[in-house]
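Dear colleague,

Please find the sequence and the three-dimensional structure below.

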Amino acid sequence: MIQKKLHRLTHRTIPFSTCGVGQPLLLLHGYPLDNRLWSSVVPLLASSFFCIAPDFRGFGESSEETKSFSIADLADDCESLLQGLGIRNQVFVCGLSMGGYVAMELIERHPDLCSMAILTNTRCNSDEPAAASHRRSVANIALRDGAAEAVLQMLPKLLSQDTFTNSPATVEFVKDMMTSTKASTIAWAQLAMTHRADFSLRMKSWTIPVVCIGGRDDTICPPTSLEQMSMAIPKATTFLVDNTAHLTPLEAPRTFASICQQAQLKTDGR
Ligand code: MLT
């Protein structure tokens, strides 16, 4: 059963959910979503993993942010949450898209913490100038016209045609997550992503195994960028999942859970 909890720090509270027993698995959501992104896959993982899924600053049930934050700040929040749970090493970190950027920072800023990573529907390079200017315009739309105006144009890219046709409930669920994201969070997150680090060279020195998962129909982080990331990581294994776009764990939870379980078995050397 998924349990909702709060981690209290001096200046903020981090809402998170947990489920399952065993190997700690930190699940980091993408933008403009929250930890409910993992709700379909977590019950399938609960027999092998202790799943921990936080809401990032400003997202989901977190309180409104009044100050800018960086991707590194989000990584440090995750480290603090794990410390609070008494978990100091041997963590599997799994991040989707923006959550992947946070996972990359977590691996570099807290080198002894993670023993395996799953980077899904994400990329390792930083923004081209056109992407950075698009982010500024999305931030301005959010602050001027509200969250829905800023994020709903992204919906057709988040899900595959197969999901739109066969899973209307998933489409509504994603729409609800997107439109319930606070306008200020959209603006701060766009700013944070604009200034994120480029990991394409830095990953070459990573020693942990990394599983790279992509959606065959993902146009936000297309298979070519997944391939580029996988080539940059010394111990990478890559999976492309059919009939999914940018939200592979939600669109194909069984396939996604099975890849995570195989990765665990391989890491255990069984
Ligand atoms: C996400 O899904 O988290 C975002 O699309 C990432 C991004 O905008 O770079």
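At least two residues of the lining of the largest cavity come from each of two elements, β2 (13-19) and α2 (71-84). The helix α2 provides the largest share of this lining, with four residues. Please bear in mind that the model is a predicted one.

The volume of the largest cavity is about 100 Å³. A total of 16 residues line this cavity, and those closest to its centre are Ile 14, Asp 55, Phe 56, Arg 57 and Asp 77. By type, the lining consists of seven nonpolar, four polar and five charged residues. How many cavities of 30 Å³ or more does the structure hold? There is one.

I turn now to the ligand. The space that the ligand takes up is the largest pocket. Around the ligand are Gly 30, Tyr 31, Ser 97, Met 98, Tyr 101, Arg 123, Arg 135, Met 154, Met 193, Ile 220 and His 246. This shell comprises six nonpolar, three polar and two charged residues.

In the side chain of Ser 97, an N or O atom is 2.9 Å from an oxygen atom of the ligand. For Met 98, a polar backbone atom is 2.8 Å from a ligand oxygen. For Arg 135, the distance between an N or O atom of the side chain and an oxygen atom of the ligand is 2.7 Å. The ligand taken alone exposes 270 Å², and the protein buries 94% of that area.

With kind regards

Key
Residues numbered from 1 in each chain as written. Predicted model: local features only at pLDDT ≥ 70, side-chain atom pairs only at ≥ 80, totals over all residues. Heavy atoms only, no water. Near = heavy atom within 4 Å. Polar contact = N/O pair within 3.5 Å; in protein donor to acceptor, adjacent residues only side chain to side chain. Areas by Shrake-Rupley, 256 points an atom, 1.4 Å probe, with all protein chains shown as cover. 1 Å grid on protein atoms, 1.4 Å probe; cavity = no way out; pocket = protein on both sides within 12 Å on 5 of 7 lines; lining within 4 Å. Sits in = over half its atoms within 2 Å of the grid points. Nonpolar A, V, L, I, M, F, W, Y, C, P; charged D, E, K, R; others polar. Points joined across faces, edges and corners; volume = space filled by probe spheres on them.
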